[in-house]
Amino acid sequence: MIRSLICAVALLLTVGSVAHADDDPPPLPAPTETPLLTVRGDLAVTNVGDEAVFDTPMLRDLGTVTYETETVWTSGLQTFTGVPLHAIAERVGTDAVSLKAIAINDYVIEIPDEDWGEGRAILAFERNGKPMSVREMGPLWIVYPYDLSPEMQTESIFARSVWQLAAIDFGS
Ligand SMILES: Nc1nc2c(c(=O)[nH]1)N[C@H]1C(S)=C(S)[C@@H](COP(=O)(O)O)O[C@H]1N2
Ligand SMILES: [Mo]
């Protein structure tokens, strides 16, 4: 009796670890507010069909970074708050080393993982402390710390600075 109980428990543990591998991120709850971001591609976790959809609180939970910088599209010093791209990659559990950033006007650009880390691109959801409407180039805007160095003011960095971003695709 005890032996079969132990076997049943061992079986449950095995099944559990197959369904959820140790290196997979935890399940992603469905958004409770208006969804801002749709993530597609090779994902370990999804919450709406085969996609991972995020609202603002879910993005904020990933850990925010703030950049104070001027941009060529705005006037005066701006404060952008968002999440680094690696935080999104980690949350959805992808092995991709490049992503496609897709805007609502269907503009698409590839951003390699060298730009996902510290001091590089953030997916901003606030500008000067407020959410961004589509008219204000929101709801999401990929922003770099342009003022830091001339390296941050190249044509390729500008091309990756997608405003009115709607989706990220980690597929190949
Ligand atoms: N949503 C969106 N973001 C975009 C683009 C676009 O067409 N749509 N063009 C990109 C490119 S290729 C560059 S060089 C810069 C262009 O900025 P500009 O139109 O102010 O020159 O924005 C980038 N971000
Ligand atoms: Mo461009």
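## Strand β10

A residue counts as buried when its relative accessible area is under 20%, as exposed when over 50%, and as partly exposed in between. By that rule, strand β10, residues 165–169, is mostly covered. Four of its five residues are buried. The model is predicted.

Which strands pair with β10, and in what sense? β1 and β10 pair in the parallel sense, over three bridges. β5 and β10 pair in the antiparallel sense, over four bridges.

R40 stands opposite D169 in β10. A101 stands opposite I168 in β10.

## T38 in strand β1

T38 lies in strand β1, which spans residues 37–40. Is T38 buried or exposed? Its relative accessibility is 19%. The cut-off for buried is under 20%, so T38 counts as buried.

What does T38 touch, leaving out residues up to four places away in sequence? Its contacts are E51, A52, V53, A166, A167 and I168. I168, one of these contacts, is the residue that A101 stands opposite. Strand β10 runs over residues 165–169, and β1 pairs with β10 in the parallel sense.

## The loop between β8 and β9

Two backbone features fall in this loop. A cis peptide bond joins G138 and P139. Its omega is about 5 degrees. P139 sits in the loop between β8 (130–131) and β9 (141–143).

M137 is also placed in the loop between β8 and β9. Its phi is near 75 degrees, a positive value in a residue other than glycine. Is M137 buried or exposed? M137 has a relative accessible area of 15%. That value falls under the 20% cut-off, so M137 is buried.

## The loop between β5 and β6

D106 has a positive phi too, of about 70 degrees, although D106 is not a glycine. Where is D106 found? D106 is in the loop between β5 (98–103) and β6 (108–112). Strand β5 pairs with β10 in the antiparallel sense.

D106 has a relative accessibility of 63%. The cut-off for exposed is over 50%, so D106 counts as exposed. M137, with its positive phi, is buried, whereas D106 is exposed.

Technical notes:
Residues are numbered from 1 along each chain as its sequence is written. Chains are lettered from A and ligands numbered from 1 in the order in which they are written. This is a predicted model: local features need pLDDT of at least 70, side-chain atom pairs count only at pLDDT 80 or more; totals for chains, interfaces and linings use all residues. Side-chain values use heavy atoms; hydrogens and water are left out. Buried means under 20% relative accessible area, exposed over 50%, partly exposed in between (1.4 Å probe, protein chains only). Contact means heavy atoms within 4.5 Å. Two strands pair if DSSP finds at least two bridges between them.
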